[in-house]
Amino acid sequence: MADINARDMTIREINSRVKELVKEGQEVRITDPQARHNLVIGVLQDCKITVDGSVGYLCASLLDGPDVTINGNAGWALGENMMSGRITLTRNAGASVGATLRGGELFVGGDAGARAGISMKGGDLIIRGNSGFLTGYMMQKGRIIICGDVGDAVGDSMYEGEIYVAGNIGSLGSDAKEETPSEDELLRVWETLESFGITERFQFKKVVSAKKLYHFDALERFEKRVV
Amino acid sequence: MCGISGIMHKHAGASGLAPIGEELVRMLDAMKHRGIDSTGITVAGEDSKSDLIVRIWSDPEDDYRARFRAVEESVIAKGGVVKNRQSTDEFLRLNVNYEGDLNALAASLYELPGVTIHSIGQNSEVVKDVGTGLELDDKHGIGTMKGTHGIGHVRLATESRVDITHSHPFWAYPFPDVTVVHNGQLTNYHKMKRQYEDRGHRFQTENDSELIAVYLAEKLAQGAGLEDALFDSLDDLDGSFTYLVSTDQGMGSAKDPLALKPLVLMETDDVVALASEEVALRSVFDEEIERVEPQQNEVMTWLI
């Protein structure tokens, strides 16, 4: 394992060093991150990276492949636009965690802020605690799994995808509806949780799009239907 | 984008004043990437024993020494006694013994040409200037200021001019000791400002954040509690805002209904610190402690 002490390094130096080390096939540990922004960005290969301490905005973003563990809190937009890989955060995440997530698994050990999983396009976002206002806003694909409560306007304007909530739902967002998940779906959710060491069999509610705001077939005045 | 921060030492005062200035400099310097146009702080809590601290700024292109003489003459004409006078370039700080009507004194200074009042208060004062927190410390020595609590701001100007007068914190003319730092934009600023002007309020700038200070100060002056005033603001202000307010009673925060602007806080039995980013909190708390992120429509207050 290669250690990087972040205290006296610039963000660019830290990220370059991380990429050098993982290219050599090393496992990397970053210490003393001091809640700074943009750490572990754009790593595009299978590797293992641990950050000991809290990170700032947009950390572990634009990833394709890595297994990243952060022992601390994260600021806004953790794991933005991950294509594949696995991010494990032990404590709380700020707003917009997993924004535009495309694939992989993002686990938050504590609570998540507002707009968790905003515009998600795939992958799994798992929140051990509670999740904030506008969770799953404009979500297009993937799963959000919340073991605690969720705030107001969950699933507002979502197109597709599923939001599973074990606790209370503050309120449903515009065009979101609640459904009872099938046994198969519950089994898959429990299986995912087990991979993060959560063995409780929560009875989840499922929130999906009611699709009442779908107007994809509507034509503009000057358009003609050709098919 | 702007950065805001606030800190309170809950038991300071009884056990001596805390290094609020130094802590705010550290926090604001850690967030300087959020705004490099200007920096400003309010430090509150040092009881001036019925004296007023008056902070004045005058345009350096102007004959500011003559402007400062006019300020002192106005104070004396209103029956005030200038006990101490300090100036750094175009910045003036007066310690005034004054027992008359504060509105009358504030109005006489407001009407002086070429002069802006940065703050008038009995236990707080505002220092703001272009540049970073460290530059402010070099020039104005804010790192040595002591108190019980304070708020600070780094500015990236979006809605009004980049100059010293339009930097934060904004003092609520003519209410003593009410100052605000704000991250966001008010969309009903012009409408509300006209309503306030119709009622006789006067503003010193074209900045939307000044309105928040006046809005809160008026409510407090009418007898509302700090928490109630902050809750009312969630309905009355429109736009994006996370703001902090400092008064002689304490400190508070409010966040808009869409949670559009960031804020995190860390609190122990002795200290509470708030900032736009955790990186600023870590400059005050060396150890990792529980971090809380206030959500939409959330109001918090701490009374000293």
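Visitor: Where in chain B does B:P169 lie?
Guide: This is a predicted model, in which local features need pLDDT of at least 70 and side-chain atom pairs count only at pLDDT 80 or more, while totals for chains, interfaces and linings use all residues. Residues are numbered from 1 along each chain as its sequence is written, with chains lettered from A and ligands numbered from 1 in the order in which they are written. Taking strands (E, at least two residues) and helices (H or I, at least four) as DSSP runs numbered from the N terminus, the place of B:P169 is the loop between β8 (149–155) and β9 (170–171) of chain B.

Visitor: What is the omega of the peptide bond from B:H168 to B:P169?
Guide: Most peptide bonds are trans. The bond from B:H168 to B:P169 is cis, with an omega near -5°.

Visitor: In what order do the four strands of the open sheet in chain B stand?
Guide: Two strands count as paired if DSSP finds at least two bridges between them, and in this sheet the pairing is antiparallel. At the edges stand β4 (81–88) and β6 of chain B, each with a single partner strand, so one side of each has no neighbour in the sheet. The order in chain B is β4-β5-β3-β6.

Visitor: Which residue in β6(B) is the bridge partner of B:R55?
Guide: Strand β3 (residues 51–58) of chain B pairs with β6(B) in the antiparallel sense, over six bridges. The partner of B:R55 in β6(B) is B:S119.

Visitor: Which elements of chain B are included in what covers the buried residues of α3(B)?
Guide: A residue is buried if 20 or more other C-beta atoms, placed from the backbone, lie within 10 Å of its own, exposed if 12 or fewer, and partly exposed in between; in helix α3 (residues 102–110) of chain B, the residues B:L105, B:A106 and B:L109 are buried. They cover an arc (taken from the directions from the helix axis to the C-beta atoms) of only 95°, which puts them on the same side of α3(B). On the other side of α3(B), B:N103 and B:A104 are exposed. With contact meaning C-beta atoms within 7 Å, the cover of the buried residues includes α2 (64–77) and β6 (115–121) of chain B.

Visitor: Within what arc do the buried residues of α1(A) fall, seen down its axis?
Guide: The buried residues of α1(A) are A:I14, A:V18 and A:V22, whereas A:R12, A:E13, A:S16, A:E20 and A:K23 on the other side of the helix are exposed. What covers the buried residues includes β1 (2–5), β2 (28–31) and β3 (48–52) of chain A. The buried residues of α1(A) line one face of the helix, because they fall within an arc of 60°.

Visitor: What is the phi of A:N38, which is not a glycine?
Guide: Most residues other than glycine have a negative phi. A:N38 lies in the loop between β2 and β3 of chain A and is partly exposed, with 17 other C-beta atoms within 10 Å. Although A:N38 is not a glycine, its phi is positive, at about 55°.

Notes:
Contact = placed C-beta atoms within 7 Å.
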